Amino acid sequence: MATESNPALASLPSNVREIIELANQRDGAIPFRAKTAHVHRTWAGTFTSLPELYIQPESVPEIQKVVRLARHARRRVTTTGCGHSPSDITCTSSWLVNLDNFNKIISVDHLTGLVVVQAGIRLYQLCDELDRRGLALPSLGSINEQSIAGAISTGTHGSGIKHGLVGENITELKIALANGETLSCSPEDKPDLFRAALISLGALGIITEVTFKAVPAFSLAWSQAIDSDKRIFERWEKDVWSQAEFVRIWWFPYMRRAAVWTADVVDPVDLKTGAVKHREPPTSYYDSWLGYYVYHNLLALSRWIPRITPWIEWFVFGMQYGFKNGEATRISAVQPSQKAFLLNCLYSQSVNEWAIPLDKGPEALQRLGAWLQNLKPGDPGYVEHGIPYSAEGLWVHSPVEVRASDSTVYTSREANTRPFLDPTQSDGPTLYLNAIMYRPYHREPTYNATERYYLGFEWLMRELGGKPHWAKTFTATQADLARWYGEDFQRWGAVRESVDLEGMFVGPWHRRYLLEPIQSDKLLPLEEIQQTTKEVPARQGGGIEVIGIQNPVVPN
């Protein structure tokens with residue numbers, strides 16, 4: 001589409017507009033589906049940016065054209081899906097590519113289970129399409145809004161020690177690189193590129209095609225009950241994580257209770273014969289619009305009266321789960337897997353998630369609880385937390401999401417199937433602790449509660465040998481990450497440099513965490529750097545607007 005038929009592009013700088021016009025004259029049969037004046041916002045409203053162009057290609061040639069034009073126009077390219085990450089990783093003032101219209105299933109082999117899809121397909125679309133073909137993904141996270149490329153690129157995981165990252169079943173990827181080529185990679189073909197691309201963080205190119213191994217469609221019989229955290233800690237090493245194929249826990253630090261969710265695959269014969277039937281879980285007021293707004297407004301009230309936060313935890317989750325522990329609180333259901341895995345994220349939120357060794361779980365939660373409650377020797381549940389920051393006057397939201405996985409079951413360095421930037425343990429199961437702070441009506445908690453909470457939380461996670469989840473909020477430095485990942489960090493960086501020497505896919509987030517600290521003589525020619533940030537009023541969605549600028553030092 002030439003700029004004459006798309007007047008919005010007239011606002012572009014003249015040199016960029018001329019490059020697009022010449023390209024359209026030369027290969028006008030390949031559309032350039034771009035527009036200006038697009039506002040990009042993360043799902044949680046934590047970050048906002050105003051890209052120069054918002055582009056939605058519908059084919060591989062269109063994606064390649066975007067990359068070629070960006071190279072000629074000296075522009076950075078960022079790819080986004082639903083923007084579920086609360087960080088600024090997808091924010092840009094340059095060119096933002098969205099693959100929502102590049103979302104087809106290309107092929108399905110029922111004999112091998114191999115499925116080939118275009119990379120923009122959202123997980124909910126993929127699950128529906130697989131289900132119609134009698135197939136499913138072996139494991140899912142708690143949401144299904146992400147594109148498959150986004151879920152892969154940030155290391156999304158489910159919860160169960162028989163499974164690892166969602167991307168562990170991928171057998172091949174295709175990536176559009178900065179030179180305009182699209183390459184295939186797999187454990188056998190270009191294995192270093194494959195291992196780097198399995199958690200690419202958007203810095204290698206645009207993933208265009210994903211091949212993965214699906215499994216026969218299955219349903220889950222799940223149940224959930226409430227217990228004291230003390231009893232869960234006592235059972236931790238015995239059977240907490242082995243009692244079912246899928247297990248996840250929500251921990252309430254002020255009540256010292258936890259909801260334990262367990263699920264196992266239903267025998268398909270039992271479903272076919274009617275011995276087991278699908279059924280939905282019981283609902284309560286919490287699942288209705290009334291419960292949604294009661295909780296939301298209580299969270300908003302706690303911005304002004306933070307001390308009521310523990311009472312909110314007791315009231316809201318007591319009403320949802322019951323005020324007692326044990327079997328009386330148990331609920332259950334039988335649902336198709338793609339539905340059973342899902343969790344309602346409710347409201348805008350900041351999330352800080354770390355991966356630590358599974359056996360460190362009780363210690364981590366006991367120390368975190370003792371810190372948050374300012375426990376003293378002799379208090380029930382007291383342990384020496386060691387966190388060198390005061391929690392006096394700090395009140396935090398609930399729950400802490402607790403999940404586990406084991407990436408060693410299906411992936412390894414030796415087989416070229418483990419991502420270079422995999423944050424999980426390489427020698428056994430991993431525990432994920434996800435600390436949530438809600439932003440009621442897109443307003444941050446008062447008294448720097450989020451910053452103070454995450455300061456102590458991250459200190460503890462570091463001491464326990466943890467690594468942050470790439471898609472979440474964290475404050476580690478490039479030097480920290482380089483030390484924690486060691487040789488794998490260097491190998492990922494070498495792959496990135498080999499496929500994107502000029503930094504077409506590098507932005508402020510990548511410089512902050514993955515590249516050396518910013519120095520004018522080491523900036524990449526196409527790198528985007530952060531110029532400034534500014535607060536967005538809550539009535540406009542809140543959060544921080546990130547304003548970037550193309551590298552102003554290296555000449556175009």
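The model is predicted: local features need pLDDT of at least 70, side-chain atom pairs count only at pLDDT 80 or more, and totals for chains, interfaces and linings use all residues. Residues are numbered from 1 along each chain as its sequence is written, and side-chain values use heavy atoms, with hydrogens and water left out.

**The sheet**

- Five strands form an open sheet in the order β7-β8-β12-β10-β11, with antiparallel pairing. Strands here are DSSP runs of E with at least two residues, helices are runs of H or I with at least four, and both are numbered from the N terminus. Two strands pair if DSSP finds at least two bridges between them.
- At the edges sit β7 (105-108) and β11 (182-185), each of which pairs on one side only.
- From one strand to the next, the twist averages 15 degrees. Axes are lines fitted to C-alpha atoms, for helices over the stretch in contact, and angles run from 0 to 180 degrees between N-to-C directions.

**Strand β12 and its neighbours**

- Strand β12 (residues 206-213) is largely enclosed by the rest of the structure, because seven of its eight residues are buried (under 20% relative accessible area, with a 1.4 Å probe and protein chains only).
- On one pairing, β8 (residues 114-118) runs antiparallel to β12 and is joined to it by five bridges; Val116 stands opposite Thr211 there.
- β10 (residues 170-176) also pairs with β12 in the antiparallel sense, over six bridges, and Ala176 stands opposite Ile206.
- β10 is joined to β11 as well, by four bridges in an antiparallel run, with Ile175 and Leu183 as bridge partners.
- Helix α5 (residues 191-198) lies across β10, β11 and β12, at about 90 degrees to β10. Contact means heavy atoms within 4.5 Å.

**The second largest pocket**

- This pocket holds about 720 Å³ of space. A pocket is an open set of points on a 1 Å grid over the protein atoms alone, where a 1.4 Å probe fits, with protein on both sides within 12 Å along at least five of seven lines; lining residues have an atom within 4 Å of a point. Grid points are joined across faces, edges and corners, and the volume is the space filled by probe spheres set on them.
- Of its 32 lining residues, the closest to the centre are Phe47, Glu444, Glu451, Thr473 and Ile544.
- Helix α12 gives the most to the lining, with five residues.
- By class, the lining has eleven nonpolar, twelve polar and nine charged residues. Ala, Val, Leu, Ile, Met, Phe, Trp, Tyr, Cys and Pro count as nonpolar, Asp, Glu, Lys and Arg as charged, and the others, Gly among them, as polar.

Conventions:
Buried < 20%, exposed > 50% of the residue type's maximum accessible area, 1.4 Å probe, protein only.
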